[in-house]
Amino acid sequence: MKYVLGYRCSVCDSFYPFKEEMMICPVCKDSGILDLVYDYKNLKKFMRVDYFKENHEYNIWRYKELLPIRNDFIDNSLRVGWTPLYKSNKVSIKYKVDNLYFKDEGMNPTQSLKDRASVIGCIKALEANKRVVCCSSTGNAASSLAGNAAKLGLETVIFVPKRAPIGKLAQLLAFGAKVIKVDGDYKAAYDLSRQAIDKYGFYNRNAAINPNLVEGKKTVAYEIWEQLDYQLTDWVIVSVGDGCTIAGVYKGFFDLKSLGLIEKIPRIMGVQSEGCSPINDAYHNDLVVRESVEDTIADSIAVGIPRNPIKALNAVKNSNGTYLKVSDNEILEALKELGALEGIFAEPAAACSYAGLIKGRKEEVIKDKESVTVIITGNGLKDTKNALTIINEPVDLKNNFQDFIDYMEGERVINE
Ligand SMILES: *Cc1c(COP(=O)(O)O)cnc(C)c1O
Ligand SMILES: [Zn+2]
């Protein structure tokens, strides 16, 4: 925490010196989401490429100097971060992208990128002497909070909307969370959690307004840079719901640039689902974010009233990127193709970024010769119901080897 100077308001740009548990700008109130400010000048003195090369801690804590936490509790946490970055083989050929990479965030301890934020939330709760952490979530923020809290000895109260997929609900319950299933949408769950936090003094892990959480998410950008051997691709693609993940990705690159470690922030492409695309629509129209219906299979990004639209719009604007939206069908096709061609099983919200790559290539938003990193934000096992609507049916046979032979003889593709 030595290098945290304070906060800057993302609306009015005012600076506030660091104070624990400051959440929003006192002037702008709810819309005044804060951004942590670091002492880049002093960090620069030792944070060169060699500093990273000589660091052998392969988890999120390798970046502890760039995080707003004390180091007292980090040794007790789950192992978050340092997920694999794969160079694509087949997809790279199919869509003619020579340098294409997949950052598989489904390999985090509770199988989504949200672990990067949740572990920070839990550490902040411990630092504030809280016993209970609370959030509202469509699933991954909650399941990752529950898992990370369990490991760190905290209790969790979680408000979920009624459409939460069963895989995520199972995770929550397995991690011992108190789960409140609200008969309503994400907005309803969010409003109730907020009242609960006010009344009972729980630690608030609602990502959008807690400025510490984006700081955890930004580490995915550092890792991409390191795993690409301290280079970056022209584009980085990520799916967008509330807007905190894309804001985190931008912040990570912003830090690297401020430290003089990269020259240019990659172009960031945010991808939303057609059934819920308020940020995409605002970006391409008048920058006013309007409430949207939440009608998509990509539950993790079905956020009708995004809580972090300013940072999400700025991430794209400041990186000269763009927003795209894709249909549920395109998401499911992408999910299937990513599994079959790359061996990565993504949940629908995570396949959405890959659907964005496909569309971005078709519409020539991503040009020939441009290099791309696609962030796969969550694992497919969290939501097998939607996946099963698209992937091939198993072959039904009688329990008899001749049946299998008959099947093989009929199946030229496999025989040849
Ligand atoms: C939360 C989430 C996102 C989007 O993050 P936001 O901060 O809501 O924009 C994307 N994919 C998955 C799997 C997620 O859980
Ligand atoms: Zn402000």
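In these legends, Ala, Val, Leu, Ile, Met, Phe, Trp, Tyr, Cys and Pro count as nonpolar, Asp, Glu, Lys and Arg as charged, and the others, Gly among them, as polar. The model shown is predicted.

**View 1. The largest cavity and its lining of 33 residues.** The cavity count, at 30 Å³ or more, comes to one. The largest cavity holds about 380 Å³ of space. Lys114, Lys217, Asp242, Thr245 and Ser300 lie nearest its centre. Helix H5 (140-152), helix H7 (186-200), helix H10 and helix H14 (348-362) each give two or more residues to this lining. H10 gives the most, with three residues. By class, the lining of the largest cavity divides into 13 nonpolar, 14 polar and six charged residues.

**View 2. The largest pocket, lined by 20 residues.** The volume of the largest pocket is about 420 Å³. Nearest its centre lie Arg8, Ser10, Asp35, Tyr250 and Phe254. Strand E1 (4-9) and strand E3 (34-38) each supply at least two lining residues. Helix H10 (244-258) and helix H12 (309-318) likewise supply at least two each. The lining of the largest pocket has twelve nonpolar residues, three polar ones and five charged ones.

**View 3. The largest pocket in its domain setting.**

**View 4. The zinc ion (ligand 2) and its four cysteine donors.** The SG atoms of Cys9, Cys12, Cys25 and Cys28 coordinate the zinc ion (ligand 2) at 2.3 to 2.4 Å. Why is the arrangement of the four donor atoms tetrahedral? The angles subtended around the zinc ion (ligand 2) are 106 to 114 degrees, which makes the arrangement tetrahedral. The cut-off asks that all angles lie between 85 and 135 degrees. Along the chain, the donors of the zinc ion (ligand 2) follow the spacing C-x2-C-x12-C-x2-C. Cys9 and Cys25 link distant parts of the chain, 16 residues apart. Cys9 is in strand E1, while Cys25 is in the loop between strand E2 (15-17) and E3. Cys9 and Cys25 are both buried.

**View 5. Ile33, in the loop between E2 and E3.** Is Ile33 buried or exposed? Its relative accessible area is 4%, so Ile33 is buried. Buried here means under 20% relative accessible area. Ile33 and Ile262 are 229 residues apart along the chain. Their C-alpha atoms are separated by 26 Å.

**View 6. Lys96, a residue other than glycine with a positive phi.** Phi of Lys96 is near 50 degrees. Lys96 sits in the loop between helix H3 (90-94) and strand E5 (100-104). With a relative accessible area of 59%, Lys96 is exposed. The cut-off for exposed is over 50%.

**View 7. Asn320, not a glycine, with a positive phi.** Phi of Asn320 is about 60 degrees. Which loop holds Asn320? Asn320 lies in the loop between H12 and strand E12 (322-326).

Notes
Residues are numbered from 1 along each chain as its sequence is written. Chains are lettered from A and ligands numbered from 1 in the order in which they are written. This is a predicted model: local features need pLDDT of at least 70, side-chain atom pairs count only at pLDDT 80 or more; totals for chains, interfaces and linings use all residues. Side-chain values use heavy atoms; hydrogens and water are left out. On a 1 Å grid over the protein atoms alone, a cavity is a set of points where a 1.4 Å probe fits but cannot get out, and a pocket is an open set with protein on both sides within 12 Å along at least five of seven lines; lining residues have an atom within 4 Å of a point. Grid points are joined across faces, edges and corners, and a volume is the space filled by probe spheres set on the points. Helices (H or I, at least four residues) and strands (E, at least two) are DSSP runs, numbered from the N terminus. Domain bounds come from an automatic or database domain assignment. Donors are N, O and S atoms within 2.8 Å of the metal (3.2 Å for Na, K and Ca); water is not among the atoms, so sites may look incomplete. Four donors count as tetrahedral if all angles lie between 85 and 135 degrees; four count as square planar and six as octahedral if opposite donors are over 155 degrees apart and all others between 65 and 115; anything else is irregular. Buried means under 20% relative accessible area, exposed over 50%, partly exposed in between (1.4 Å probe, protein chains only).
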